[in-house]
Amino acid sequence: MAQVTVYSTQNCPYCRLAKAFLDRYGVEYRSIDVGVDRKAAKEMVEKSGQYGVPVITVDDEVIVGFDSNRLSELFGSGETSSVYDVIIAGAGPAGMTAALYCARKNLKTIVISEDIGGQALESWNIENYMGYRMVTGDELMSKFEEQVRQTDIRIELDQITTLLPVSGGYQVKTTSGQEFKGKSIILAQGKRPRRLGLDREEEFTGRGISVCATCDGPLFKERVVAIVGGGNSALQTAIEMSNIATTVHLIVRSKIRADPIYEEKIKSHSNIIIHLGCEVTELKGTDRLNGIGIKERLSGKSEELQVDGLFTEIGWVPNTSFLEGLLKLNYLKEIEIDINCRTNAPGIFAAGDVTAVLGKQIIIAAGEGAKAALATFDYLMMKQ
C-alpha cells in the first residue's frame, strides 16, 4: 500500500479537494497542516521546492497542487457513463446552482470542473450575498457543495479541453483523456487569474509567487509580501495578509478602484504600504523569489523591494480557449448570450463570469446558473 502524505493549510479549498478525492477512493493518508506546523512546512519546501499547498507525496513521488489527473492515474476507477441530459462545465456559483436546478428537474447531469468553488474561493470576505452578513468564499461554496452532494449528480474533478457537436448533442474530452456525451451543455467555467507577463514568472510560481492567498497566505507568517492590484480582491488580500505578514506592499498600477468600505479598512492597517502609480518590472531571486523591481509610471523612478512572497490580484481571463470557432465570443473572449442564457449554438447555454453579462458578482452568477438550467430543461422538453 502506498504511503500518502498531504501537506495542507486549514483554509485552502484545494487541499480539501485533494483530501476529498483520496477519501472518495478509500486512500489512507496522513494530513499535516503546514500553516501551524512550521517544521513540517520546512520539510514540505525541502521535498517539493514549493511555497504553496497542497503538496502530496505518494511514496517517493511528489505531486504539487491538486493534480486531479495524476491522482486519477494513481487511484481513480476510470468509471464511465452513458449519455447525460446535461454536461455542466465548472463548479463555481453558476455551475453549482445550475446543477441543483437540473437535479430538481430530474435531468441526468454531470459537473466537470478542476475545482469546486471557482473564483469565489478567492474571496476572503463576502458582505453582499443575501442571507449572510459576512461569509468567506470558501464557506459559501462549501454550503453550495454540501447541497449539491445530496443529489444524484456526478461531479468529476477534471478539465474540459474539447467540445464538439456530435449526433444527438455534444461530446467533451478532458485533460485526463475521458470522454462524455451530453444532449445539452451549460458552460459555467468562469475565469482564471491574469498573469503579470514578466520573465521568470512561471519559474517563481509556487516559489514565492501565488494567485491564492487563501491557500498559501499562512506560509508567509511574519514575512514581507507584496500584493499587485487595486480592486476589491487586491485590497481584501492586503488586509488579510496584514494580519499574517510583518509588512505588506500594495502595488497599484494607476489608482485604487475598490469599494469605499475596503478603502476605509485599509487605512487602519499600519503595516500596509501603498505604492500608487507603480508597476512590477522585475522578479528577483535564485531558486525562489526574494525581491521585486517596481517603477513609477509617470516619473520612471525605479525601486527594489525585498519580499518573500508576491500575490497577484490583477484580474481574470475567461476560460474559453476550447470554444473558439464554435461559439460567438466578444472582444474580451467572453461568451455572448441572450436574456435566457442561450448561446448561438443550439443546446449550449452559459452562465456566470465566463459570459458577457455585465455584473461579475457571486449572487449574479448563481442567478444566471438557475436561469441556464431552466432554459436547458425547456430546450430538452421541446426536443422530446
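**Close-up views of a predicted model**

View 1. Ile209 lies opposite Leu310, a residue of strand β19. In this predicted model, β12 and β19 (residues 309–312) are parallel partners joined over two bridges. Both strands belong to an open sheet of five strands, ordered β12-β19-β13-β14-β15 and paired in parallel. The edges are formed by β12 (209–210) and β15 (272–276); each has a single partner strand, so one side of each lacks a neighbour in the sheet.

**View 2. Helix α8 against the sheet.** Helix α8, which spans residues 232–241, packs on the sheet. Its contacts are with β13 (224–228), β14 (247–252), β15 and β19. The direction of helix α8 makes about 170 degrees with that of β13.

View 3. Asp216 is located in helix α7, residues 213–216. The residue is buried but takes part in no salt bridge. Arg288 carries the nearest side chain of opposite charge, at 10 Å, whereas a salt bridge requires a nitrogen-to-oxygen distance within 4 Å. Leaving aside residues up to four places away in sequence, Asp216 is in contact with Tyr51, Gly52, Val53, Ser210 and Phe311.

**View 4. The β-α-β unit of β1, α1 and β2.** Strand β1, helix α1 (residues 13–24) and strand β2 together form a right-handed β-α-β unit. The two strands, β1 at residues 4–8 and β2 at residues 30–33, pair in the parallel sense over four bridges. Within this pairing, Val6 faces Ser31 of β2.

Terms used. Residues are numbered from 1 along each chain as its sequence is written. This is a predicted model: local features need pLDDT of at least 70, side-chain atom pairs count only at pLDDT 80 or more; totals for chains, interfaces and linings use all residues. Side-chain values use heavy atoms; hydrogens and water are left out. Two strands pair if DSSP finds at least two bridges between them. Contact means heavy atoms within 4.5 Å. Axes are lines fitted to C-alpha atoms, for helices over the stretch in contact, and angles run from 0 to 180 degrees between N-to-C directions. Buried means under 20% relative accessible area, exposed over 50%, partly exposed in between (1.4 Å probe, protein chains only). Lys and Arg count as positive and Asp and Glu as negative; His and the chain ends are not counted. A crossover is right-handed if, with the strands pointing away from the viewer, the path from the first strand over the helix to the second runs clockwise.
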